[in-house]
Amino acid sequence: MVIVTTIRRDVLTLPAAPLGPDNPLPPLRLPHEVHRIDVRDRDDLPRDMARQAGYGPLHSLLPVRVRDGYGRQRTPHAFETIVIENDRLRATVLPGLGGRIASLFHKPTGRELLYRNPVFQPANFALNGAWFSGGIEWNIGATGHTTLACAPLHAARVAAPDGGEMLRLWEWERLRDLPFQVDLWLPRESDFLYVGVRIRNPHERPVPGYWWSNTAVPEERRVLAPAEEAWHFGHERHLRREPVPPDPLNSPYAADWFYDLPDIRRRWIAALDADGHGLVQTSTDVLRGRKLFVWGTGSGGRRWQEWLTEPGTGGYCEIQAGLARTQLEHVRLDAESEVAWLEAYGPLSAPPVPGKAEARLEAVLPRAAVDQAYEAWKPYADTGPGEVLAVGSGWGALEVLRADWKLPGTPFEESTLGEPQAPWLELLRTGSFPEPRRVRPPGGTLVAPHWRDMLETAPATPLTEYHLGVAQWHAGDRAQAVRSWERGLELAPSVWPLLRCLAVADQESGNRERAADRYADAFDDLCHERRDDGESWTAATAALGREALEALLAAGRTAEARSVWERLHVSTRARGRFRLIEAALLLAEDRPEAARAVFEEGFEVADLREGAEAISELWGRLSDEPLPPHHDFRMRPETGSP
């Protein structure tokens with residue numbers, strides 16, 4: 001008997017570190033980004049690649065907030081999942097974590113086709129911080145892992161082209177203000193999971209577009225793609241075209257290999273084990289790029305692998321597919337347009353040779369069949385969802401209310417509006433930004449031009465001036481942002497948010513001393529204002545304290561830095577990030593033995609950034625000994641190394 005496709009709710013229990021609260025400070029500066037090439041290198045690129053590499057780079061994370069409140073203490077946690085399966089495949093989806101496909105299990109062979117992480121451990125890899133490894137993730141927005149990596153998406157049942165059901169995931173991507181959807185379905189008796197993706201630009205202006213589907217697979221695989229050359233990118237930030245190496249997994253350091261697929265070739269990439277079994281991903285031609293990411297065989301790459309899961313669980317690499325040839329590019333989405341394509345994921349058994357693997361793929365899933373599946377799906381992309389299975393954010397509902405957009409297939413209902421949207425809804429309806437009913441850290445700021453215009457015409461309360469300044473800063477009008485924040489200071493009952501913004505402006509203009517003054521004053525004000533040891537105040541104290549400590553140490557003002565340190569919550573001082581800052585503070589106080597003792601006692605910086613070298617740099621100032629292996633996260637050769 002043929003088993004029809006089913007969609008059901010389930011639960012996946014994993015050892016998990018809690019995400020914790022978001023950072024309440026607006027990210028006025030873009031965090032350190034490793035995936036960016038030197039402008040001078042663009043002269044050596046093909047013209048279209050050079051143009052897209054220079055188009056629409058991200059200058060700010062606003063209006064998104066940084067997610068850095070997670071730790072590394074894991075306890076069992078039940079994650080809500082949605083399972084879609086037929087008689088051949090079973091896909092397990094995490095709607096609350098970016099719609100990640102955590103598992104793709106092939107029933108006839110009993111094989112898991114993905115790298116399935118046995119833990120949930122956030123790490124600082126997404127554009128806004130928290131990200132986790134494993135499965136298939138959907139990256140939209142800008143170069144890097146999406147800000148939605150650990151955020152909920154809307155999910156619902158939808159009619160499928162074959163008369164069955166699809167699982168639709170959708171959300172509002174806030175960096176570019178774009179709605180998108182991901183439709184998953186399994187035709188009867190199919191060995192392949194179909195994925196229909198659509199990104200819409202409802203605006204009356206072009207918008208930079210970005211998409212990469214990233215699939216984690218076990219590391220011991222031979223990765224195949226229909227290309228003889230690839231664009232290599234490592235942490236030295238140079239992009240160069242090279243012959244595809246026989247075994248890129250043997251790279252000593254973390255590296256990206258963007259396969260240079262000829263225009264006429266079918267789009268596919270596969271990862272096969274020593275016996276020729278594994279996963280293949282293919283798509284319609286719109287999804288042009290294919291990539292392999294490896295952590296490398298060096299000690300830093302191995303340490304990152306352990307960091308993202310737990311020792312003894314095996315490593316992974318990633319095979320990826322995107323809209324452009326490389327992840328360093330953004331494509332242009334014209335005004336009031338959309339881009340859509342279809343992907344397919346399934347098992348492949350073939351000799352690990354590109355030509356033979358492609359021939360086998362053509363036998364089990366012809367290229368024409370993928371194109372036909374896309375044409376069959378496209379009319380269903382506008383079909384309204386049925387039973388709601390999960391709820392995402394209310395930001396899409398707010399934007400739809402503002403602009404009265406019609407987005408068939410992806411409804412953003414008013415019922416999804418919540419507390420984060422409430423003050424902006426009042427601004428939209430009354431023209432005034434409301435004052436909070438109780439003293440608390442300010443909420444997030446919306447920065448798109450239409451919201452900035454509303455803030456400019458709203459009554460000039462201190463909180464309005466604060467949000468207006470953030471929006472002006474995002475728009476590049478830094479002088480006007482400073483004036484707005486200074487006006488807000490005159491009457492503000494709470495000055496620390498404004499002083500902190502002004503301190504960042506001072507740092508950006510090179511005024512280190514005044515920045516330190518303002519950070520010190522801001523932290524004093526916060527300590528007088530904070531009402532309790534609850535989550536929001538603890539997060540605000542940690543975030544502002546960290547920035548103040550770094551600014552004061554940079555200005556050589558160690559006594560004031562020590563004063564800030566003493567007023568942090570005890571739980572904050574125990575976190576790994578702050579233990580590292582404590583070591584730097586002790587060294588600045590000319591207490592190298594005490595700083596060395598911090599290392600000897602041990603700490604883990606939960607939010608260590610990819611490519612960051614703060615630990616190794618501080619260790620180098622303390623000791624001539626090799627960096628302890630558990631602190632070795634280096635992803636490039638040491639200076640002077642061959």
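## Briefing: folds, rings and buried spots

Set aside residues up to four places away in sequence, and His-203 touches Arg-176, Asp-177, Leu-178, Ala-335, Glu-336 and Trp-405, where contact means heavy atoms within 4.5 Å. This is a predicted model, so local features need pLDDT of at least 70, side-chain atom pairs count only at pLDDT 80 or more, and totals for chains, interfaces and linings use all residues. Residues are numbered from 1 along each chain as its sequence is written, and side-chain values use heavy atoms, with hydrogens and water left out.

**Around His-203**

- You'll find His-203 in the loop between strand E12 (193-201) and strand E13 (207-209); helices (H or I, at least four residues) and strands (E, at least two) are DSSP runs, numbered from the N terminus.
- His-203 is buried, at a relative accessible area of 4%; buried means under 20% relative accessible area, exposed over 50%, and partly exposed in between (1.4 Å probe, protein chains only).
- Trp-405, one of the residues that His-203 touches, is buried too, with a relative accessible area of 16%.

**The chain as a whole**

- The chain has 17 helices and 25 strands.
- Its radius of gyration is 25 Å, close to the 26 Å that the globule rule gives for 642 residues, so the chain is as compact as a globular protein of that length. The radius is taken over C-alpha atoms, and the rule is 2.2 Å times the number of residues to the power 0.38.
- The C-alpha trace spans about 70 × 65 × 50 Å along its principal axes.
- Of the 642 residues, 59% are buried.
- Take the contacts with a separation of 6 or more: 71% of them are between residues 24 or more positions apart.
- The 75 positive and 93 negative charges have mean positions 1 Å apart. Lys and Arg count as positive and Asp and Glu as negative, with His and the chain ends not counted; each charge is placed at NZ of Lys, CZ of Arg, CG of Asp or CD of Glu.

**Aromatic rings**

- Rings of Phe, Tyr and Trp (its six-membered ring) pair if their centres lie within 6.5 Å; planes under 30 degrees apart count as stacked, over 60 as edge-to-face and the rest as tilted. By this rule there are 25 aromatic pairs.
- Phe-79 and Phe-120 are an edge-to-face pair, because their ring centres are 5.2 Å apart and their planes are at 65 degrees. Phe-79 sits in strand E2 (residues 75-85) and Phe-120 in the loop between strand E5 (111-112) and strand E6 (123-126), 41 residues apart.
- Phe-79 is buried at 11% relative accessible area, and Phe-120 is buried at 4%.
- Trp-172 and Trp-405 have ring centres 5.8 Å apart and planes at 25 degrees, so this pair is stacked. Trp-172 lies in strand E10 (residues 165-173) and Trp-405 in the loop between H5 and H6, so the pair ties together parts 233 residues apart in sequence.
- One aromatic cluster includes Tyr-115, Phe-125, Trp-131 and Phe-633 among its members.

**Helices H7 and H12**

- Helix H7 (residues 449-457) has His-450, Trp-451, Arg-452, Met-454 and Leu-455 buried. Their cover includes helix H5 (395-403), helix H6 (422-430) and helix H8 (462-474).
- Ala-551 is in helix H12 (residues 535-554) and counts as buried at 4% relative accessibility.
- Beyond its neighbours within four places in sequence, Ala-551 is in contact with Gln-507, Ala-516 and Tyr-519.
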